[in-house]
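Dear colleague,

Please find below the structure that I am handing over to you. My notes on what was found in it follow directly after.

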Amino acid sequence: MFKFFKRSPNRAEKQKETNTLCVLPWNHLFIDVKGHFTQCCYRSSYEPFKDINGDIIRADQPDAVERYLESPKLQRIKKKMLSGERPQECSNCYAKEACGNESYRTLSNIEFKKTLENIQEGKKPTIEYLDLRPGNICNLKCRMCGPESSVLTIPEASILANDDNRFLNYQSVNWHKSTTFIENILRHAKTLKKLHFAGGEPFIIPQVKNIINDLSQDPIAKEITLSFNTNLTVLPTSLAKNFSDFKEVNIFVSLDGTQEVNDYIRYPSRFKDIELNLMQLEKKFKEWRIGEVRVHTAISIYNIFNLPSLYKYLSRYKRVSNVPDIDLVNYPEELSIKVLPKKLKDKVNKYYEKELLPNLKDKGQIHYMLNEMASEDCSHLLPSFVTRTKLMDEKRCQNFKKTIPELAGLMQ
């Protein structure tokens, strides 16, 4: 999911970007929901980085940033990139590029073009970009999310895993409440150009508001672009009042369908609340210095037939992006559209050929999605899909057959 960029590179830029180097290990910090450092959010390995003594680095520890920058793993990644090799930890991007698609790496290199040139010239860059996941506090329990994204999912996840203790370490994620964490972040704010928050739900996490309040009082805020991944069920004015102190604010809204389909997936959200907040963002676009509002849609079995309706719905907005950025749900595996039987995959293709593709100028991401759906037969996971869906329907008093009648036959 490439939520941090406003445009795709032109042909000349794509031709120029051919090596294995990525700017992010040099100018960027990514801190995950457990407070651990890894090279970026699109990593292929979730193993936390360790310092030179072999200790896991956590953001609430003294000198955490400096220990990460000196960590053996990060140094190895940099060394491999500089020598033209492809680090295994970055294989997700290289795989995407091998299919002819843009990756987080190529887009980051274009955005931080000058920094990339400095790296190639042997100059040491500063930290320009922070990507933070300050805990798993969230007001939703989306069907494709787990305890690392929302503490509310723990009871159901424990039942599905048949293990009451498996997710206990996600029950009380508190590292982001530490003053040391805040100090570590603010100490590197002077050179920042971008600050991104996800979660959890950043609009309800107090520490997000605290960091933004602190930065808004510093003149450096005018050099920083803020961005958020949010479910937009809430839009706190107490936070938004500080947006105008920053260079720009970008909002990336997780929206997985229209009306009852979105509410079914992203329980217990209410589509009408999200709609009111989208309208508020359009109204406050200039006042809050908003650069863009984009919608991100995670495609799974649950919403594969609703995507054309979402395209149609978004067309009514003037400032909110009319085209959703599509990501494919690959975990939990049983939610992937690859799990659909061939007969239903054919039905999806025919539906899109009639209801969506004729209306699109750029059909690229839809073709990519449909090709991925056809690339593998994972229908052996259907029993797991049914088990998961029935459990959640029972716990949430929801009804798959009623909400998604096109796929009611899957539950037989």
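Helix H16 lies across strands E7 and E8, and runs at about 10° to E8. Here axes are lines fitted to C-alpha atoms, for helices over the stretch in contact, and angles run from 0 to 180 degrees between N-to-C directions. Helices (H or I, at least four residues) and strands (E, at least two) are DSSP runs, numbered from the N terminus.

The model is predicted: local features need pLDDT of at least 70 and side-chain atom pairs count only at pLDDT 80 or more, while totals for chains, interfaces and linings use all residues. Residues are numbered from 1 along each chain as its sequence is written, and side-chain values use heavy atoms, with hydrogens and water left out.

H16 spans residues 364–374, and its buried residues are Ile 366, Met 369, Leu 370 and Met 373. They sit on the same side of H16, because they cover an arc of only 95° around the axis; the arc is that of the directions from the helix axis to the C-beta atoms. Buried means under 20% relative accessible area, exposed over 50%, and partly exposed in between (1.4 Å probe, protein chains only). An α-helix has 3.6 residues a turn, so residues three or four places apart point the same way. The buried residues of H16 pack against strand E7 (290–299), H14, strand E8 (325–328) and helix H15 (342–355), where contact means heavy atoms within 4.5 Å.

The sheet

E7 and E8 belong to an open sheet of eight strands with mixed pairing, in the order E2-E1-E3-E4-E5-E6-E7-E8. Strand E2 (37–38) and E8 stand at the edges with a single partner strand each, so one side of each has no neighbour in the sheet. Two strands pair if DSSP finds at least two bridges between them.

Strand E3 (residues 129–132) runs parallel to strand E4 (residues 194–197), and four bridges join them; Leu 132 has Phe 197 in E4 as its bridge partner. E4 also pairs with E5 in the parallel sense, over four bridges, and Leu 195 stands opposite Leu 226 in E5. E5 and E6 pair in the parallel sense over six bridges, with Glu 248 in E6 as the bridge partner of Thr 225. E6 and E7 likewise pair in the parallel sense over six bridges, and the bridge partner of Asn 250 in E7 is Glu 292.

How many residues of strand E5 are buried? Six of the six residues of E5 (residues 225–230) are, so this strand is largely enclosed by the rest of the structure. Thr 225, Ser 227 and Asn 229 point one way from E5, whereas Leu 226, Phe 228 and Thr 230 point the other way. Strand E6 (residues 248–254) is also largely enclosed, because six of its seven residues are buried.

The nonpolar core

The largest nonpolar core has 120 residues, of which Phe 228 and Ile 366 touch the most other members. Helix H14 (residues 307–314) supplies the largest share of this core, five residues. Such a core is a set of buried Ala, Val, Leu, Ile, Met, Phe, Trp, Tyr and Cys residues joined through side-chain atoms within 4.5 Å. Leaving aside neighbours within four places in sequence, the contacts of Phe 228 include His 196, Phe 197, Ile 212, Phe 243, Asn 250 and Phe 252.

Cysteines

The structure holds zero disulfides, a disulfide being a pair of cysteine sulfur atoms within 2.5 Å. The cysteine sulfur closest to that of Cys 90 is in Cys 40, at 6.5 Å, too far for a bond. Cys 90 is buried, with a relative accessible area of 12%, and Cys 378 also counts as buried, at 10% relative accessibility.

Backbone features in loops

A cis peptide bond joins Gly 199 and Gly 200, with omega about 15°; Gly 200 lies in the loop between E4 and helix H10 (206–216). The peptide bond from Tyr 331 to Pro 332 is also cis, with omega near -5°, and Pro 332 lies in the loop between E8 and H15.

Asp 63, a residue other than glycine, has a positive phi near 60°. Asp 63 is found in the loop between E2 and helix H3 (64–69) and counts as partly exposed, at 46% relative accessibility. Arg 289 also has a positive phi, near 55°. Arg 289 lies in the loop between helix H13 (271–283) and E7, and is partly exposed with a relative accessible area of 36%.

With kind regards
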